[in-house]
Amino acid sequence: YRTQKSISVFFSDITARKVAGEELQKLSLIARQTDNPVIIQDATRKVQWVNDAFIKISGYHFDECIGKPITDICDGPETDPEIIRYVAEKAAKHEPFRIEALNYKKNGDTYWSDVSCQPIFDEAGNVIQYFSIATNITERKHLEKQLQKEQRKRQTKIAAATLKAQERERAIVGQELHDNVNQVLTTVKLYTEMCRDGIGDTKEIMNKSIQLLQNSITEIRGLSKRLSAPSLGKIKLADTIKELIAAIDLTKRIAVSLETSGIESLEVEQEIHLAVYRILQEHLTNILKHADAGSVQASIDLLVGHVHVHVKDDGKGFDTRKKSGGIGITNMITRAESLGGTLKLISSPGHGCELVVMLPLPA
């Protein structure tokens, strides 16, 4: 400012304003260039600005968006009403939120968005704008839907396999009772009638009857033990498996070596305990019936938070690519998968068979 005898100069520090202006330019550039749709709304949630990414995905022109309520642009008939209610509630409270919502394009097609929205306040604490940034998650949602569909199909197969297994067990019981126990008891009845009527050597007939009755008791006891679950109570997993192997050894048909040093003190939930028992029982029974094996090596230990079961035999093996006629293997796989585990059978003709089971333990 010029005066009569001098010039007055006034300086004003605008550093903060310049920095803020540069930051605003950077944010504006990011909002324009990002692949994520960005929407800025006013305090009444009417659109003030959208970036090119939103225009590209929605099919709207820029001018078609400005001044319209965000719900008119993004929501449609299949948008979840609960999501719409939740967003309105958050906006009324001036709170930030994040949602996954089904949005609509201009042509009526739909897409899924993961949306984060943040209210912007002035110095007095009043909302002046809402800033929203979204991510297109349509592909992820489609994959989730496909996974859910496959899980439902898998659950249906598990249920069918379970029912089939139950029917098979009932058939086994019926056949065992009819072919063995029933025939023996019929013979005992005949011998008893002969004793009553004084026919034949009574002492010899009674001895035969006693032996036949003992055979029936043994048959029923074996059938009951095979079908009923082991008494798990306070028995540790290692002890239960040792009892199972001891029962196999009694057949004198195969030599089984068992290693359980890694789980001697392990106590597991009953579901896992029973699953390990039943899988081993089924597999060892299959070896006895079909493998023509002379020896089996079995081990159970802990591996990275899992119960790890490994069984290997020296039998004739089989082609795992061919579908088995029975449902025993299916039941084994179903048991493992129902507990979040895995079961693999590794075999080929002439090279024996390996069973590998991994069952996760609770944290």
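This report covers a sheet, a nonpolar core and some salt bridges in one predicted model.

Numbering starts at 1 along each chain as its sequence is written, and side-chain values use heavy atoms, with hydrogens and water left out. Local features need pLDDT of at least 70, side-chain atom pairs count only at pLDDT 80 or more, and totals for chains, interfaces and linings use all residues.

**Sheet.** Helices (H or I, at least four residues) and strands (E, at least two) are DSSP runs, numbered from the N terminus. Two strands pair if DSSP finds at least two bridges between them. An open sheet of five strands has the order 2-1-5-4-3, with antiparallel pairing. Its edges are strand 2 (47-50) and strand 3 (97-104), each pairing on one side only. Strand 4 (residues 110-121) and strand 5 (residues 127-136) run antiparallel and share nine bridges. V115 has A134 in strand 5 as its bridge partner.

**Core.** A nonpolar core is a set of buried Ala, Val, Leu, Ile, Met, Phe, Trp, Tyr and Cys residues joined through side-chain atoms within 4.5 Å. Buried means under 20% relative accessible area, exposed over 50%, partly exposed in between (1.4 Å probe, protein chains only). The largest core holds 34 residues, of which V276 and V307 touch the most other members. Helix 9 gives the most to this core, with 10 residues. Contact means heavy atoms within 4.5 Å. Leaving aside neighbours within four places in sequence, V276 is in contact with L237, I241, I300, V307, V309 and L359.

H273 also sits in helix 9 (residues 270-291). H273 is buried, at 3% relative accessibility. Its side chain makes a polar contact of 2.8 Å with that of T240. Such a contact is a pair of N or O atoms within 3.5 Å; within protein, one must be able to donate a hydrogen and the other to accept it, and residues adjacent in sequence count only if both atoms are side-chain atoms.

**Salt bridges.** A salt bridge puts a side-chain nitrogen of Lys or Arg within 4 Å of a carboxyl oxygen of Asp or Glu. The whole structure has 17.

| Pair | Distance |
|---|---|
| E82 and R85 | 2.6 Å |
| R140 and E144 | 3.2 Å |
| K208 and E204 | 3.7 Å |

E82 and R85 lie three residues apart in helix 5, about one turn. E82 is partly exposed at 45%, and R85 is partly exposed at 39%. A network of salt bridges links E82, R85, E89 and K93.
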